[in-house]
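User: I am new to this structure and would like to learn how to read some of its features, one at a time. Could we begin with a backbone angle and then go on to the side chains?

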Amino acid sequence: MLERLQAVEDRYEYLNEQLSDPNVISNAKKLREYSKEQAQIEETVQTYREYKQVTEQLADAKAMLEEKLDDDMYQMVKEELDELSERKAELEERLKILLLPKDPNDDKNVIVEIRGAAGGDEAQLFAADLYKMYHRYAEMQGWKTEVIEAHATELGGYKEIIFMVNGSGAYSKLKYENGAHRVQRVPQTESGGRIHTSTATVAVLPEAEEVEIDIHEKDIRVDTFASSGPGGQSVNTTMSAVRLTHLPTNTVVSCQDEKSQIKNKEKAMKVLRARIFDKVQQEAQAEYAESRKLAVGTGDRSERIRTYNFPQSRVTDHRIGLTLQKLEQVLQGKLDEIIDALVVAEQSEAMKKAEE
């Protein structure tokens, strides 16, 4: 492990030198590439440097104990030795985690797609609740959200809503939301007071840059149409809404959120690129997807990952068996406790595999 850490520190120092080189500074692509790589390993390097410092202090403290010391000094050095030993153990565990292979998409923005599934009107109302939950969570993280496409219902739900989340590390946290979310409650439309079970599905796609996925114009069919509101009525007489069809994969994306056809096409292209990128990744990285599924169950989008039980004010994440009596707080966007637990579970599983 120490050899790997030293190699990371050496690479960090090399990048430092490169970022001061006039040839690199004048090359925007290289500068961005090196800056990004340095930022990704900075925490590992800083932690490793503290580890080396603590190790040296520990050696000094042990050497002092072998000298002739009065009782007070001996006790003081012994306490320092205990504190340093504890800190060294903490740093070793942290370094093991930092050396685990990282998901290359973790730093990316994401496109989130929420759809009402089983349960009709109630499922669509629940889809709206999930959108509000993620919107609030994003605000708490300092991220920005932007609606790309929304098909609202007259009751205030969503048949489908697609939105983008822009922010550092958005995918690293929101990727755990992939899957089917289940709600148990008495619907607004239920007069008899019976509890219904409905579901909504969430898909979280990392934003793909043009250099990562090559889409040719000749492979895309572009259709334009008038925007429509809840119930299908036309709300715009101009042909501003855009539908893109990627012919090789038969992937269809539409966008009507903007009044401008150009802006709608730009937004639709982001979703199209993300969906195709996700499809390519799912196929090419089956082994990685399987390891994620084994760890926290995020590999299959049809899998029921979480239940929101209103009568008992309870939220249960089925992948790690976590239950919280904090339904209202979770729906207000306070997802950190759940997501942090999922991150720890995945890291623990990855560490077990690394040790095998």
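Analyst: Let us begin with Asn 250, which counts as exposed because its relative accessible area is 58%, and please keep in mind throughout that this is a predicted model. Asn 250 lies in the loop between strand 7 (241-246) and strand 8 (251-255).

User: What is the phi of Asn 250, and what is the general idea behind reading that angle?

Analyst: The general idea is that most residues other than glycine have a negative phi. Asn 250, although not a glycine, has a positive phi of about 55°. Ser 313 is likewise not a glycine, and its phi is positive at about 50°. Ser 313 sits in the loop between strand 9 (304-309) and strand 10 (314-317), and with 32% relative accessibility it counts as partly exposed.

User: Are the partners Arg 306 and Asp 317 buried or exposed, and where do they lie?

Analyst: The side chains of Arg 306 and Asp 317 meet in a salt bridge of 3.1 Å, N to O. This pair also links distant parts of the chain, with Arg 306 in strand 9 and Asp 317 in strand 10, 11 residues apart. Both Arg 306 and Asp 317 are buried.

User: Why does Asp 106 count as buried, and which residues is it in contact with?

Analyst: Buried means under 20% relative accessible area, and Asp 106 counts as buried because its relative accessibility is 18%. Asp 106 is placed in the loop between helix 4 (71-98) and strand 1 (110-116). Leaving aside neighbours within four places in sequence, Asp 106 is in contact with Gly 169, Ala 170, Tyr 171, Ser 172 and Lys 175.

User: Which residues form a nonpolar patch on the surface?

Analyst: Met 64, Met 73 and Met 76 form such a patch, with about 250 Å² of accessible area together. Of these, Met 64 is found in helix 3 (residues 28-65).

Conventions:
Residues numbered from 1 in each chain as written. Predicted model: local features only at pLDDT ≥ 70, side-chain atom pairs only at ≥ 80, totals over all residues. Heavy atoms only, no water. Patch = residues over 30% accessible without salt bridge, like charges linked within 9 Å, V, L, I, M, F, W, Y side chains within 5 Å. Areas by Shrake-Rupley, 256 points an atom, 1.4 Å probe, with all protein chains shown as cover. Salt bridge = Lys/Arg side-chain N within 4 Å of Asp/Glu carboxyl O. Helix = DSSP H or I, 4+ residues; strand = E, 2+ residues; numbered from the N terminus. Buried < 20%, exposed > 50% of the residue type's maximum accessible area, 1.4 Å probe, protein only. Contact = heavy atoms within 4.5 Å.
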